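Hi,

Here is the structure I promised to send over.

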Amino acid sequence: MDTVLAQLTSQMAIAFSPWMLVVCLAGVTLGILWGAMPGLSTTMAMALLIGLSTGMSQHVAVMFMLGVYTGSVFGGAISAVLINIPGTPDAVPTMIEGYPLAQRGEGGLALGTAIAASFLGNWVGIVLLISFIPAILFLALQFRSWEMFLLAMWGIAICGSMSAGDMPLKGWISGWIGLLISFVGLDAIHGVARFTFGFRILEDHISYIPLLIGLFGLTEVLKVLPQKNPPSIPSEVGRVIPPFSMLWKYARTSLRSGLIGTIIGAIPGAGANVASFLSYDIARRRASPEERAKWGKGSYEAIVSAEVANNANIGGSMLPTLTLGIPGNAAAAAILAALEMKNIVVGPTIQTENPGIIYFIYIGLIIANFLMYFMAIGLIKPCVKLFSLPRTLLMPLIIPICVMGAFAVSLSYFDVYLMFIAGIAGFILHRFGFPLAPMVLAVILGPLADENLRRALLIFEDHSIVSVLIDRPLGTVLLLVVIYTFYDGIFRRGK
Amino acid sequence: MADTPKSRLETDVESLATGNFTGEEGGTAVSPGKDLASAAMVGVIGIGAMLLSLDLDAPASLYTAPGLLPFITGLSLLIMAAGLAAKALKRAPLREILKSAHDPIGPFIADIEGRRTLILMGLVLAYVVLTDLINFEIRMPAGFYTFRFSSYETISIPVIALILKLFWRARWLACIAVAAGMVIGLAWIFRDGFEILLPGSG
């Protein structure tokens with residue numbers, strides 16, 4: 001108990017230092033502006049900023065990335081409400097409801113509701129993250145090789161299902177190709193070179209960070225820049241801060257949406273988009289007939305449901321990332337990359353190998369949430385000005401950031417070429433309807449799956465299948481979950 | 001039978017109206033022809049992975065063979081490719097798919113957005129290759145601060161200005177000014193602000 005208190009106090013002292021607050025403020029501001037710009041997604045921001053975080057100290061990098069994450073998830077709501085173009089895909093429900101309100105002169109109030117809902121959503125996510133981490137860590141410590149292999153495979157499979165919607169097969173294919181990429185290099189047990197084709201540089205494995213930058217940075221530029229520019233019409237915003245009575249009216253919706261957002265966030269591959277869409281849909285079904293009549297024409301309750309959920313998703317996505325080393329979504333994969341680059345070992349042993357870092361992340365999320373609230377109110381008007389900038393001006397400027405970021409990771413030009421190839425491959429995969437997140441997740445989890453499967457098989461060499469199933473109940477449960485994920489994808493959603 | 005996917009926004013708005021979620025990365029509906037081509041490619045990758053895995057040494061038992069999981073992955077990819085092909089053929093008969101698939105690249109190049117994308121890819125490739133091949137750095141000490149200008153800025157400014165000219169379509173002077181301001185600013189943030197080495201320089 002004393003150790004926990006001591007760690008908490010020391011991490012609070014670091015997190016509340018003026019420099020850390022400035023870093024967090026910079027991250028939140030950058031995140032809000034980035035998220036508000038149509039076409040610039042949260043994942044793209046996170047992927048590109050990994051490069052910048054290489055030059056920061058451990059705590060500064062973590063605080064900066066958390067600030068960007070928190071800010072950019074909300075940022076999408078600003079353009080959604082004011083110009084009817086969602087800054088990020090998870091802001092589509094906010095756009096459907098917020099833009100009609102803006103046209104009626106209630107844009108400010110719609111945005112104020114979105115800000116308050118986001119603030120609340122972050123709180124729900126943080127509280128649930130803090131509450132569940134000890135239990136998940138305890139459970140994770142019971143995992144052995146067999147369970148770790150199954151967990152990694154489930155992560156890839158569910159990510160494939162969640163990313164591809166009605167075509168889970170395509171999500172799985174993307175994930176399985178990612179697995180093959182992860183096998184490139186010297187294998188961890190015997191040191192045999194796999195899929196290197198004689199190139200020594202490939203023996204060191206393919207880093208997932210340039211892949212992340214290519215797939216979510218360069219691919220987006222290739223997708224968005226050649227398109228014709230949509231019209232952007234900035235509007236007046238009016239009153240921003242909503243009355244408390246209005247927020248209280250939607251307290252139940254907020255709580256339900258917060259729970260949905262956090263749970264969805266904890267499932268690998270399901271991020272803010274699934275969270276806000278699902279929460280919006282459930283809230284519509286549960287709304288009073290009088291409120292439901294406003295749905296689609298400008299409902300404040302709908303905005304609350306979507307914004308609480310997509311922000312609660314942040315806390316949820318950190319849960320598997322920190323405790324199991326399995327990112328909850330692509331943005332969390334970028335957080336994972338930043339943590340790993342700063343030698344923070346995530347997973348069941350995070351508490352023992354990096355004492356106090358979890359507390360720092362909790363405090364960082366809380367600080368980022370408060371700063372997000374105030375900065376969001378302050379940045380609405382500058383954002384309106386920002387929308388007048390064409391995308392054709394902004395997107396080319398992403399290209400040097402992609403090159404700098406990929407190079408900064410290990411100062412190798414090979415990574416820059418890798419980023420370029422990933423960008424082109426991402427574009428082609430997108431044209432053919434394949435999601436990209438499962439591939440990144442598989443590249444991260446592939447080595448874990450490979451090593452643990454072979455270890456487990458060696459342990460089970462003299463056991464019968466039945467005895468393995470009986471002796472390892474946790475593994476059996478996970479095996480059933482994996483089978484169910486495929487069953488659900490093939491026979492229900494994939495029909 | 002649309003050959004290009006619907007925009008992300010269109011699919012998302014549709015999915016919200018119907019309550020059918022299109023997944024975290026949006027809709028994936030493409031033509032059966034594209035799905036069949038994908039299936040063929042994935043099948044080739046799967047077979048390739050299986051063959052390469054069989055070729056790997058197995059220093060100890062089969063259970064720890066380095067090619068074990070890669071082989072299983074390749075085999076599963078082959079099965080998934082068959083599944084994808086079956087789904088594509090269920091949506092349209094093979095004859096119809098082959099009839100429309102005689103020229104897979106043509107429609108993309110004929111489309112203005114497709115041509116712009118190809119030009120952009122070429123420019124980015126040229127940019128990446130040039131920053132790799134050309135390496136120099138000029139240092140100009142000025143009292144307490146040393147100004148640094150490297151091959152990275154030298155290559156980035158004209159390439160980004162050219163991309164801006166092609167897509168933003170402003171005057172040359174404006175494109176060069178924006179590119180120079182952005183590249184020099186970024187280089188300063190990375191190199192001086194965070195002490196991160198830039199490609200082709202120090």
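You'll find A:Thr42 in helix 3 of chain A, residues 42–53. Leaving aside residues up to four places away in sequence, A:Thr42 touches A:Tyr69, A:Ser72, A:Val73, A:Thr88 and A:Ala331 (contact means heavy atoms within 4.5 Å).

Some housekeeping before the rest. This is a predicted model, in which local features need pLDDT of at least 70 and side-chain atom pairs count only at pLDDT 80 or more, while totals for chains, interfaces and linings use all residues. Residues are numbered from 1 along each chain as its sequence is written, chains are lettered from A and ligands numbered from 1 in the order in which they are written, and side-chain values use heavy atoms, with hydrogens and water left out.

Now chain A as a whole. Its secondary structure comes to 23 helices and two strands (DSSP runs numbered from the N terminus: helices are H or I with at least four residues, strands are E with at least two). Along the principal axes, the C-alpha trace of chain A spans about 70 × 55 × 45 Å. Of the 495 residues in chain A, 66% count as buried. Take the contacts in chain A between residues at least 6 apart in sequence: 79% of these join residues at least 24 apart.

A:Phe277 is another buried residue, with a relative accessible area of 3%. A:Phe277 sits in helix 12, residues 272–286 of chain A. In sequence A:Phe277 and A:Val92 are 185 residues apart, yet C-alpha to C-alpha the two are 8.2 Å apart in space.

On to chain B. Here there are eight helices and two strands, and along the sequence they run α-α-α-α-α-α-β-β-α-α. Of the 202 residues of chain B, 40% count as buried. For contacts in chain B with a separation of 6 or more, residues 24 or more positions apart account for 52%.

How do the two chains meet? 90 residues of chain A are in contact with 77 residues of chain B. Between them the chains bury about 7,500 Å², 76% of it on carbon and sulfur atoms (buried area is the accessible area, with a 1.4 Å probe, that two parts lose on being put together, summed over both). On the chain A side, A:Pro226, A:Met404 and A:Arg431 lose the most area to chain B, together 10% of what that side buries.

A:Leu411 has a positive phi of about 50° although it is not a glycine. A:Leu411 is in the loop between helix 19 (398–410) and helix 20 (413–431) of chain A, and is partly exposed at 42% relative accessible area. B:Arg169, also not a glycine, has a positive phi of about 65°. B:Arg169 lies in the loop between helix 7 (151–167) and helix 8 (172–193) of chain B, and is exposed, with a relative accessible area of 61%.

Cheers

Terms used
Buried means under 20% relative accessible area, exposed over 50%, partly exposed in between (1.4 Å probe, protein chains only).
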